[in-house]
Amino acid sequence: MNHHLVRTVDPPSRRRRRLLAAALAATLVATLTGLTAGPAHGADPLLSQGRPVTASSTQSAAFPASAAVDGDPGTRWSSAAADPQWLRVDLGAAATVSQVALTWEAAYATAYQVQVSADGATWTTLRTVTGGDGGVDTLAVAGTGRYVRVYTTARGTAYGVSLWEFQVYGTSTATGCDTTGNAALNRPATASSTENAALPASAAVDGNPGTRWSSAAADPQWLRVDLGVERAVCRVDLTWEAAYATAYQIQLSADGATWTTVYATTTGAGGSRQLTVTGSGRYLRVLGTARATPYGYSLWELAVRTTDPTPTTPPPSGGDVLLSYGKPAVASSHQDDGACWQCTPARAFDLDPASRWATSPTTGWVDPGWIYVDLGATATVHRVVLQWDPAYATAYQLQTSTDATTWTTIYRTTANPGFRQDLTVTGTGRYVRMYGTARSNGYGYSLWEFQVYGTGGAPTAPPARPADPTFPATTLVFADEFDGPAGARPDAAKWTADPGTGQNNESQYYTDNANAAMNGTGQLVLEARRENAGGRAFTSHRMNTGRTFQVQYGRIEARIRVPRGNGLWPAFWMMGGDFLTGRPWPYNGEIDIMEILGRDTHRSYTTLHAPAYNGGGGYGQEHVWAVDLSADFHVYAVEWDSRGMRFLVDGTQVFYASKETVEATRGPWVFDHPCYLILNLAVGGDWPGPPDASTPFPARMLVDYVRVYR
């Protein structure tokens, strides 16, 4: 039996956003007088996205320097209205830079330089531009440095200078410092003091640049974060508020009592600082000893970068294990209806991030609300992980008990920001309870996951997960080279045709292999035709490996040439295998490795869809290319392990989805299970819009190969 797949669709609101973004970007594209465009991003990876960045000035807090390297074409940096101005990105290590792409806002620079530096102080100019007229400047350069700067000397308008995107491509000599992950994100934080309850220690590690910690107005003061386990720290990023430290130390500790200083300064300048350090510890502390103002110390953000992978297992010290998996659970109430089916207490302890517990809408949307787990025997609890639904507790306690009647509080907060909380605690008992006393909104309490780690109890071992591959992965576990004779259909031992009407108001009818065949020269052709079938005016093809091959982790790639034309929508993507056994979309998880709209084949899209982020809220990235992707074959790939997914086109990284970041900012990560591969060519629909008289038919999507490596 063939399944009709639920294709990812954006609601009309997302359509409008994407259309506006595309129109905006189109107005920005212009040819610079006297400039020669560099290669189409070449084969070198993008180095600058998400990197620490500073600027000579900002127009306001709404246009920060970081907006130019966030990969979002709808956010921008804007400077003060004066000359000169500069924007500097720290690549984290020395890199050989081959290309710089600047996407200017209407406030552009007519004269500027692209410069590199080893230390952020002495600069070498790689490219000088005069007569600039805005738009998108793609510049071939050649130089080496850790820092790359665009230095503007003349403005094109009376305003400042403004960049939607500042992209640096090249090859890095980084030695393993993970400068995208943040080991401090949402970790337990404490401080010597707080100015008031609105400026807590936790605000400096919540990933929100609009919240901050502020201390009392006295020296010394400190902010401490518990990383949960010992980590090898290679860099610390500080984003100071105006009340900064002129003298401070960065310190590490194994036990939170004895400290080792790994960085010290008496000439701190405030602002955004990226400090290279070397040391290991479970606890990290910023110790301020001299203030720059009469006020206290204040940090918008503290980020900790490490050389070791993000731990995906409980802390090993003391033999800690997961104690709560599959254990009996009791709650104040639970929900079981069309809005939250079987959201029983047990769902919080099943290690399934796509199932959850929620309190009853008829009796449970009140305070307090609680849920507890029976560990089966007395245990010593060292760590609790909570993955909250948007219906979370702003104030709650963690409690232990020997009899489920008398409870001892081992942790409390009145400022929980939601999402994922990884808490270090100390307590003893057979029962562990989350006791919520204040809700985040008008709904009840809901948890995707409630995990308890420690020693003792009567633990049940959870199912083993496959080991992470080492990239570059080289063991080929699936391949189709499409080398059959002309007219041969897709190999039924590898692919299953998926006929029927599409979703998303698409215009095509997918036939049972009538629109897919080898061309005899090593490619599979998925062909969309203007012909009637199944009540539709167009036919096309969709196929998947759901019954023949599924994979968890590895490199999944395909070499594809996409068609161009209004209304065409080629895609290479994956779905969680449990979709085929009844779990509905998006709870199964969808991984869009490549989507391209035929109306604009200079853009590619990568998106993840899950229960807490899908459709218009999907987590992904649009990438704008200097070349027409329909003009040739390109390799679209994802490198996927237990820490996240790295998406690439022709070896250039276009997006990195960090599991840690998603759990801390979007919701549960539902992709740690087998998925299957899908190829299809859609016609029309909510997103691409309808084909028109200019759309070429038959339209062909050519697939040179599909390969999977472990």
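**View 1. Thr-306 lies in strand E14, residues 298–306.** Helices (H or I, at least four residues) and strands (E, at least two) are DSSP runs, numbered from the N terminus. The relative accessible area of Thr-306 is 4%, so this residue is buried. Buried means under 20% relative accessible area, exposed over 50%, and partly exposed in between (1.4 Å probe, protein chains only). Its side chain makes a polar contact with the side chain of Arg-231, at 3.1 Å. A polar contact is a pair of N or O atoms within 3.5 Å; within protein, one must be able to donate a hydrogen and the other to accept it, and residues adjacent in sequence count only if both atoms are side-chain atoms.

The model is predicted: local features need pLDDT of at least 70, side-chain atom pairs count only at pLDDT 80 or more, and totals for chains, interfaces and linings use all residues. Residues are numbered from 1 along each chain as its sequence is written, and side-chain values use heavy atoms, with hydrogens and water left out.

**View 2. Tyr-248 and Tyr-263 form a tilted ring pair.** Rings of Phe, Tyr and Trp (its six-membered ring) pair if their centres lie within 6.5 Å; planes under 30 degrees apart count as stacked, over 60 as edge-to-face and the rest as tilted. By this rule there are 20 aromatic pairs. In the pair shown, the ring centres are 6.0 Å apart and the planes stand at 40 degrees, so the pair is tilted. Tyr-248 belongs to strand E11 (residues 245–253) and Tyr-263 to strand E12 (residues 260–265), so the pair ties together parts 15 residues apart in sequence. Tyr-248 is buried at 3% relative accessibility, whereas Tyr-263 is partly exposed at 24%.

**View 3. Tyr-372 and Trp-407 also form a tilted pair.** Their ring centres are 5.4 Å apart, with the planes at 50 degrees. Tyr-372 is in strand E18 (residues 369–388), and Trp-407 is in the loop between strand E19 (393–401) and strand E20 (408–413), 35 residues apart. Both residues are buried. Ring pairs link Trp-370, Tyr-372, Trp-407 and Tyr-431 into a cluster.

**View 4. Strands E25, E26 and E29 make an open sheet.** The order is E25-E26-E29, with mixed pairing. Two strands pair if DSSP finds at least two bridges between them. Strand E25 (500–501) and strand E29 (538–540) are the edge strands, each pairing on one side only. Strand E26 (residues 508–510) pairs with E29 in the parallel sense over 3 bridges. Ser-540 in E29 is the bridge partner of Tyr-510.
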